[in-house]
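Visitor: I am new to this structure and would like to learn how to read it. Please show it to me, and I will ask about one feature at a time.

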Amino acid sequence: MLKTIEVAMPTHVQPNPSLSPSPCLPISTRNLRNKKRKTKTAYTYKTWKITAVSACTTSSSSSSSSGPFNQTVGGQFLSGCEISRSGEERSRRKKRVFFLDVNPLCYAGSTPSLHSFGYWISLFFSQVSLSDPVIAVLDGEGGHEHRRKLLPSYKAHRRKFLSQSSAFQKFSKGQSSAFKRSSKGHVTRSEVVMDVLTKCNVPVVKIEGHEADDVVATLVEQVLQRGYKAVVASPDKDFKQLVSEDVQIVLPVTELKRWSFYTIKHYIAQYNCDPCSDLSLRCIMGDEVDGIPGIQSVAPGFGRKTALKLLKKHGSLENLLNVAAIRTVGKPYAQDALTKHADYLRRNYEVLALRRDVDVHLQEEWLVNRDRCSDSIILSNLFKVLEEKKIHHHQNRSHISNGSCSPSAEEGV
């Protein structure tokens, strides 16, 4: 049975009056001023269902530079000039395609925040991706269900972001009319996010029943097969299992208030092992953030050093478990843990492994250079709306007695 794919794509519409850029917007408008005068074009988006999309032919590639970003190595930050010359030559030969993992960017800590989304997107467009192709991916409805059936604690404490926003509901007749509204007249966070991205000429992919991570992993494979280089923009450590010579991660670093590239060299310097072992290592150590317990919960003496030593010798978790089933592979506590809890570790593997078989196919129009001329206008409009929601929220609180104001009202901002 074919699954449906929801795609939001930018389309041209008649020019609309634009707002002036907000003075607090952390992006540069220099590129807009340097462009030749021409008719301003506004964008909107259409959402439709497609099935069994056939693979497209490769679009022509062009070189692009990444700019002087800091890069992380074992917790230290290196300047752009310290990147290896061979790496720079490869970057010039292969065009980059960025994959934007949207959901994690929509949180300030553990609180849903559209302002966080706007902040990181503005930096990403103005300093990281520039005019390179960007494909945004959202979690599909019910995307977590498959893994939660295997492990009920999986992401059990995550607060859903892409739900109805009460803050925008109150402004459905005001400035938020710049964003698409649902059939009930309420503006949802999902609609705001999709509206901003598509107006910035970024296709948005959302597949029912699949997490964004699996969709990204599938599309990365297709991009590599076409000879492109892939860059995944996300703070999610799940993507480290994809890192290779042609797959990089770019992370939002809250402390530095900027994005930072993370490559295979950074991974090796940080973990002292090959990225191919990343998934096996995480299966053993677990992931507390995602609610996945590690082997320490049943074998307290089994730590990272032991796991790394065994994986370096045996290569993968499956090889290690197969060998441990027939002969001794380490000290008694490690041997006992691997033989008694093999099913436990294999379950972790099934939960943590990114799927690469999602029914989604790269489309040629997703690979063209992104037109960024409207970024400043679209994002300044977003920040203006968010600022007005914040002011309105504080005004309302002054008229409500303490304890009767719902704290969720500000979460949409």
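Visitor: Which residues of helix α7 are buried?

Guide: Buried means under 20% relative accessible area, exposed means over 50%, and partly exposed lies in between, with a 1.4 Å probe and protein chains only. Helices (H or I, at least four residues) and strands (E, at least two) are DSSP runs, numbered from the N terminus. In this predicted model, the buried residues of α7 are Arg-189, Ser-190, Glu-191, Val-192, Val-193, Met-194, Asp-195, Val-196, Leu-197, Thr-198 and Lys-199. After α7 comes Asn-201, with a positive phi near 65°.

Visitor: What should I know about the numbering and the values?

Guide: Residues are numbered from 1 along each chain as its sequence is written. The model is predicted, so local features need pLDDT of at least 70 and side-chain atom pairs count only at pLDDT 80 or more, while totals for chains, interfaces and linings use all residues; side-chain values use heavy atoms, with hydrogens and water left out.

Visitor: What pLDDT does the protein average?

Guide: pLDDT is the predictor's confidence in each residue, from 0 to 100. The protein averages 76, and 66% of the residues score at least 70. Over residues 12-84 the pLDDT is below 50; beyond near neighbours in sequence, that stretch has 160 contacts in the model. A contact means heavy atoms within 4.5 Å. Residues 405-411 also stay under 50, and the model has 16 contacts for them beyond four places in sequence.

Visitor: How many helices and strands are there?

Guide: The secondary structure comes to 15 helices and 12 strands. Of the 413 residues in the protein, 49% are buried. Taking contacts between residues at least 6 apart in sequence, 77% join residues at least 24 apart.

Visitor: How do I read a strand, for example β5?

Guide: Look at what lies on its two faces, then at its partners. Strand β5 covers residues 96-101, and six of its six residues are buried. Arg-96, Phe-98 and Leu-100 point one way, Val-97, Phe-99 and Asp-101 the other.

Visitor: Which strands does β5 join?

Guide: Two strands pair if DSSP finds at least two bridges between them. Five bridges join β5 to strand β10 (residues 229-233), and the two run parallel. In that pairing Phe-99 stands opposite Val-232. Strand β8 (residues 134-138) is also parallel to β5, joined by four bridges. Here Phe-98 stands opposite Val-134, and Asp-101 has Val-137 as its bridge partner.

Visitor: Are the faces of β8 covered or exposed?

Guide: Both are covered, with Val-134, Ala-136 and Leu-138 buried on one side and Ile-135 and Val-137 buried on the other. Strand β8 also pairs with strand β9 (residues 204-207) in the parallel sense, over three bridges. In β9, Val-205 is the bridge partner of Val-137.

Visitor: What does Phe-99 touch?

Guide: Phe-99 belongs to strand β5 and has a relative accessibility of 0%, so it counts as buried. Leaving out residues up to four places away in sequence, Phe-99 touches Ile-135, Val-216, Leu-219, Val-220, Val-223, Ala-230, Val-231, Val-232 and Ala-233.

Visitor: Which residues of the largest nonpolar core touch the most other members?

Guide: A nonpolar core is a set of buried Ala, Val, Leu, Ile, Met, Phe, Trp, Tyr and Cys residues joined through side-chain atoms within 4.5 Å. The largest has 65 residues, of which Phe-99, Ile-135, Ile-284, Phe-302, Leu-338 and Trp-366 touch the most other members. Helix α8 (residues 212-225) gives the most to this core, with seven residues. Apart from this core lies another, of 34 residues, among them Leu-114, Leu-123, Leu-379 and Leu-382.

Visitor: How many disulfides are found?

Guide: A disulfide is a pair of cysteine sulfur atoms within 2.5 Å. The search of the whole structure finds zero. Cys-200 is in no disulfide, and the nearest cysteine sulfur, that of Cys-373, is 9.9 Å away. Cys-200 is buried, with a relative accessible area of 0%.
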